[in-house]
Amino acid sequence: MMKGEGFEGYPIVLTASRAEANEYQNNPFTAFICTFPRKLSSILLKKYLSHLESSSDGSAKRTIYGLRKIESLLIDEFGESNIAVAHFDQLHKFIGKNTKIVGISTMDPMGLAYVSTTYNSLIGFGGEALNASEFERLIRHPSILKYKPKIIVGGAGSWQIRDAKKQKQYGIDVLVQGEGEEDVVNIFKKILADEPVSPFVVTNKPSQVSIPLIKHAASYGMVEITRGCGRGCAFCSPTMRKKYSFPLDHIMKEVEVNVNGGSDTIFTVTEDIFLYKSKENFIPNREKLIRLYKHIADFPGVDYILLSHASFAPILYDPLILDELTPILMEKTKWNPDFCSAYQNRFISVEVGIETGSVRLMKKHMRGKALPFSVDKWPELVKQGIGLFNDYDWYPLCTIMTGQPDETEDDVIATLNLIDELKQQQAKMFYTPVLFIPLDDALLKNNKRTNLDGLSERQWEMIARCWKNNIDFWASEKKHLLEPAFFASHWLYARWKHGKKATGPMMHLAGFPLSSKVGKKCNPAYCDSTLNVDFFKKRFEEIKQRFFP
């Protein structure tokens, strides 16, 4: 079917929200702002949301990687002339009277994912997360409302719609949870044939051979190098999937598709880059890993390589991995002074899960995270791992989770101690503290969602201390602006929103000494002493002078 005069729509149209389909000028970290309240994040991201790059015919030039996989399956089944993939602002060119199905991919449609839950709640005003508001905006697109096609929603966040009880309200006919390669074509066939389909479908796990190559470029030049993890962390869904690595020729074909689609970046998608083609018991395969990244780096047109997730254990088992891999990736890193003037030197970044400093919680929920080592020495593995990363100018982005089921004050103290020890070794890293949420396909799915109201003062301090370290390392020159801002926002608003348990930790974030209540044992710096009152008065006067000279 070709567009032209009298064109009345493609039978199947695939799309995603403006927030999730965006590339943010090839910086995936900017996408985290979508977890902030919409009134704030829509201002910060205005220039990105107003335009998504499309091809000359209006189809999406690059979009979500998972959506490209579904597109490939549907093209093989129904033919390319019946499938269109378009961005929000171009949907009117593709949806019409002949459109039977609109397929939507989403990771965070209700703003209930880890980062959204944490930071939208922390800010506490300005409406729902931008991810949620942009998903609703897509569902209510004028062309969808006018022609009323069947709506299928899949992706990692589809469970959120069911849990929020929004499926009927949003007019979504089918929610698909899980990997799509095994079942999604059959769902589309049934709908096109007007056969009944369950409103919530949990898919079967696909075999590796059923996973197709993408046919058109993905956001950030994404290419999947492994799928699944197998470490078995109880809070996570990918770790429950058996891990397998894609063949080198499969990966390089998708690299070529992305480069031909205008991407100068390749983003290698994996739960752990160091476990590509790994051996038994999570022992890394350095030779295969280096060969993979050398092939990607040498491919004509690849200027940058972005990394997704990694772990500490493989590089501690074989430190030569970083010795051989770093020169390849450092030449292709986007994180350099040319990209951002605030960066002092070139560095490599990758997301690594610390999650906790408590060996007890690690044994209970994440025993496999340290393999091939024992989890009994988890804090030491973390310190050694970050130290080794830093030796090669890798600055990892590390998640730490609080509010895990059965987390005690002693567990939180163990995490605080680990944060302090990392600070003492002058760790170069970025902390992302998050609240526990029960993912639908994780072992802990039936546990209670953590919220800010239920946090103890020590848990608040864990969050504050993480961000204090971030500011000290990444934005020390802006502390004179950030600290008064934290002080003012807490006393003018946040204290009344989140309660007095947040006061000590937030004042620590604002530059005051640490409270005795949340220190390891008894830090006197924040007691009700004359010294502390004098310090408070002095600091308050400094802040007053900055804002009201």
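Which residues does phenylalanine 274 touch, not counting residues up to four places away in sequence? Pro284, Leu289, Ala310, Ser311, Pro314, Ile315, Ile321, Leu322, Leu325, Phe389 and Trp394. Touching, or contact, means heavy atoms within 4.5 Å.

A word on the source. This is a predicted model, where local features need pLDDT of at least 70, side-chain atom pairs count only at pLDDT 80 or more, and totals for chains, interfaces and linings use all residues. Residues are numbered from 1 along each chain as its sequence is written, and side-chain values use heavy atoms, with hydrogens and water left out.

Now the cores. The largest nonpolar core has 90 residues. Phe274, Tyr293, Phe312, Ile354 and Trp394 have the most contacts inside it. A nonpolar core is a set of buried Ala, Val, Leu, Ile, Met, Phe, Trp, Tyr and Cys residues joined through side-chain atoms within 4.5 Å. Buried means under 20% relative accessible area, exposed over 50%, partly exposed in between (1.4 Å probe, protein chains only). A second, separate core has 24 residues, including Ile75, Val185, Phe188 and Val201.

Next, leucine 307. Leucine 307 sits in strand β11, residues 304–307; strands are DSSP runs of E, at least two residues, and helices runs of H or I, at least four, numbered from the N terminus. Is leucine 307 buried or exposed? Buried, with a relative accessible area of 10%. Among the residues leucine 307 touches are Phe267, Tyr293, Ile348 and Trp394. Leucine 307 and tryptophan 491 are 184 residues apart in sequence, and 39 Å apart in space, C-alpha to C-alpha.
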